Amino acid sequence: MSIFLGYVATILVTLFTYNIFTLGLNIQFGYAGILNFTVITFMAMGAYFYAVFVMPPANASNQVFYILGLHWPWPLASIAGIVASGILGYLIGLIALKRLRSDYLAIVTLATGTLLYGLSGDQNKLFDGWAGLFSVNQPFQSVANNHPNTFSWIFVVISGVVMLIVWWFANQLYSSPLGRSMRAIREDQDVVDAFGKNTFKVRMMAMVIGSTIVGIGGVLTIQYIGALSPAGWTTGETFVVWAALLVGGRGNNIGAMLGSLLVAVIFNEGTRYIPQVASSPNLVPDLRNIIIGSLVILSIWFRPQGVLPERKAKFFELPLKDKYAQTFGGVSANQELATEV
Amino acid sequence: MKLFLLTLGFGFVSASIYALLSVGLSLQFGVTNFVNFAYGAYLGVGMLLTYTFSATLGLPFWLSIVLATIGTGIVSMLISEFILSPFVKRRKSLFYMLIVTFGLSLILDNVLQIIYGVGFNEYPIGQSSPVTIGPFSFTGNQLIIIAIAGIVMIGVHLLLSRSRLGKAMRAMSDNADLARASGIDTNMVTRWTWFISGALAGLGGIVLALNIVSFQTTSGDALLFVIFAAVILGGIGQTYGAMLGALIIGVVTEVSTVFISSAYKQDIAFLVLVIMLLVRPQGLIPAKGKA
């Protein structure tokens, strides 16, 4: 029974952290149309920087190396991790959010992700290389008296509360003037430019806010697990977040959360129980990645708006009398004006 | 000075590999007007098909290279025909095209991994002794790489300047709608472009494998952003620009090893990419309306 309770807790924490990742990506892609092809790198930045701020200085005699090791209290270290993700988002934005096609931003995010992945793996002085950081201080571990289930359930509550705050914030942002500008830029940046908005600044806000939120998820992840190595943030993980957002419904925060339930929890956890093939241990994870990739492509083909589409904005309309004025809206309504072509 | 010239020589080898790859990417971008994020996986297709033909089936090595190059071209064409073109015909926005190719990269990488596993492979050919030419020193394979790249670059030049297909490709690159209106069979041109782009990616993957000797399915992926750097440096969609970009990136990354650890080679390419995007995002030879 206690194993089962611990498992349920882990599932819930996974769900809540993936909700946070997907909400972050939704602000970037769903609101502002920013293609971030390395979502998971921001999670890793948040997690790693939390770790090196909260851990004591590296002990060379253990052959474990990392930068900083400031031994800060965990609330301050959490903020440091979150800020680090935001700063990375800002730097990428500085390079690629000028008036360039969206291809360039996608290329820069992907390049940065590949680069940081290689660096943090190969340079073992940064975050202990491929071995990664472990025994990272977990807050509330002492409160829980080191009882694993108590700790897990405390963490379910914490991550749940953080997730609800992020969700509330994302909704506030959506209906705020800033959120409206973001969505307008997503639809047509030139028009928004013409109305005198500083589109660079608005897109940068979306980039930084989204990155920061993904960083929050990263901090929660490492606080719960207590360890992170490069194997935990491969490109495949980025796809899980993308698939979750596209399946759930881009631009819709409830959709984003539904998507992470379907993809990150039900699909990803469900396939964990498929027995491994002894001769090729990678077969099941490889197939899982193939399905995730197919899910991304198929959802764009069959239902690009997702399971829960973004609600159409409603505007106050003047009650126009003129029949020609009323036909202005669409081609089908234009029949009276249509001539044989 | 001696070391500098030696690394300059290696720079030419890298530049040759990058030239094949960036010309392939740039040609396709010019014609279809979206970036193919699955391009890194095409390198893997080429290098591993060669492995199958030469090591598993025991065909002569040169024949394996030819077959694998054509094979990768066909794979690329089929992917375009059955996956990408339907999306283009539905007039999906650029966002979605990029996400589709990004998803495709995950699928292709994992298909390759299921077939070939995660281990390292080597081609069944001996390593030749180094040849010294003036101040440079190359292995026999590296000389072959430079020769292949040289011949292919001349071929691409002749294709673009002399052949009907090349002219049609340039026309589509300038304005696809106008090209269609003036009677160019744009579907056919797109098909051929994907074939050529895939074949160049495959060939680039093979020569990359020749240069690094032992390779695995994901060896091409790490190189993807180096290729992007070369393509953006030259001006995205510009074939001759891509050649120039490849030459600069190849030489700069190799010569940088004189001053800093060779572990940072790719970081140098990234630095060039960043500087270029900040200073001159349209590239050295800008293409109209592509940036």
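Over residues 205-227 of chain A the chain is 91% helix and 0% strand, and the end C-alpha atoms lie 30 Å apart; helices here are DSSP runs of H or I with at least four residues, strands are runs of E with at least two, and both are numbered from the N terminus. This is a predicted model, in which local features need pLDDT of at least 70 and side-chain atom pairs count only at pLDDT 80 or more, while totals for chains, interfaces and linings use all residues. Residues are numbered from 1 along each chain as its sequence is written, and chains are lettered from A, with ligands numbered from 1, in the order in which they are written.

**Spans listed in the record**

- For chain A, an unreviewed UniProt entry lists residues 6-27, 34-54, 74-97, 104-120, 150-170, 205-227 and 239-267 under "transmembrane region"; UniProt positions follow the numbering used here, feature names are shortened, and annotations may be inferred rather than shown by experiment.
- One of these spans, residues 150-170 of chain A, is 100% helix and 0% strand, with 30 Å between its end C-alpha atoms.
- For chain B, the unreviewed UniProt entry gives the "transmembrane region" label to residues 6-27, 34-53, 59-83, 95-116, 136-160, 192-213 and 268-287.
- Residues 6-27 of chain B are 100% helix and 0% strand, and their end C-alpha atoms are 32 Å apart, whereas residues 34-53 of chain B are 75% helix and 0% strand, with end C-alpha atoms 32 Å apart.

**Where the two chains meet**

- In the model, 35 residues of chain A are in contact with 31 residues of chain B, where contact means that the C-beta atoms of two residues, placed from the backbone, lie within 7 Å.
- On the side of chain A that touches chain B, at least two residues each come from helix 3 (74-96), helix 4 (102-122), helix 10 (235-248) and helix 12 (283-302) of chain A, and the largest share, 12 residues, comes from helix 4.
- By class, that side of chain A has 21 nonpolar, nine polar and five charged residues; Ala, Val, Leu, Ile, Met, Phe, Trp, Tyr, Cys and Pro count as nonpolar, Asp, Glu, Lys and Arg as charged, and the others, Gly among them, as polar.

**Chain B as a whole**

- Chain B has 11 helices and four strands, and its C-alpha atoms fill a box of roughly 55 × 45 × 35 Å along the principal axes.
- Buried residues make up 53% of the 291 residues in chain B; a residue is buried if 20 or more other C-beta atoms lie within 10 Å of its own, exposed if 12 or fewer do, and partly exposed in between, with C-beta atoms placed from the backbone.
- Among contacts in chain B between residues at least 6 apart in sequence, 77% join residues at least 24 apart.

- Helix 8 (residues 186-212) of chain B has 27 residues and reaches 38 Å from its first C-alpha to its last, close to the expected 39 Å, the expected span being 1.5 Å times one less than the number of residues.
- Because 20 of its 27 residues are buried, helix 8 of chain B is largely enclosed by the rest of the structure, and just after this helix Val213(B) takes a positive phi of about 65°.
- The buried residues of helix 11 of chain B include Phe270(B), Leu273(B) and Met276(B), and the buried residues of this helix pack against helix 3 and helix 4 of chain A together with helix 9 (224-234) and helix 10 (239-255) of chain B.

**Individual residues of chain A**

- Phe49(A) is in helix 2 (residues 39-54) of chain A, counts as buried because it has 28 C-beta neighbours inside 10 Å, and touches Ala80(A), Gly81(A) and Ala84(A), not counting residues up to four places away in sequence.
- Leu68(A), in the loop between helix 2 and helix 3 of chain A, has a positive phi of about 60° although it is not a glycine, and with 16 C-beta neighbours inside 10 Å it counts as partly exposed.
- Asp128(A), in the loop between helix 5 (124-127) and helix 6 (148-175) of chain A, has a positive phi near 65° and is buried, with 26 other C-beta atoms within 10 Å.
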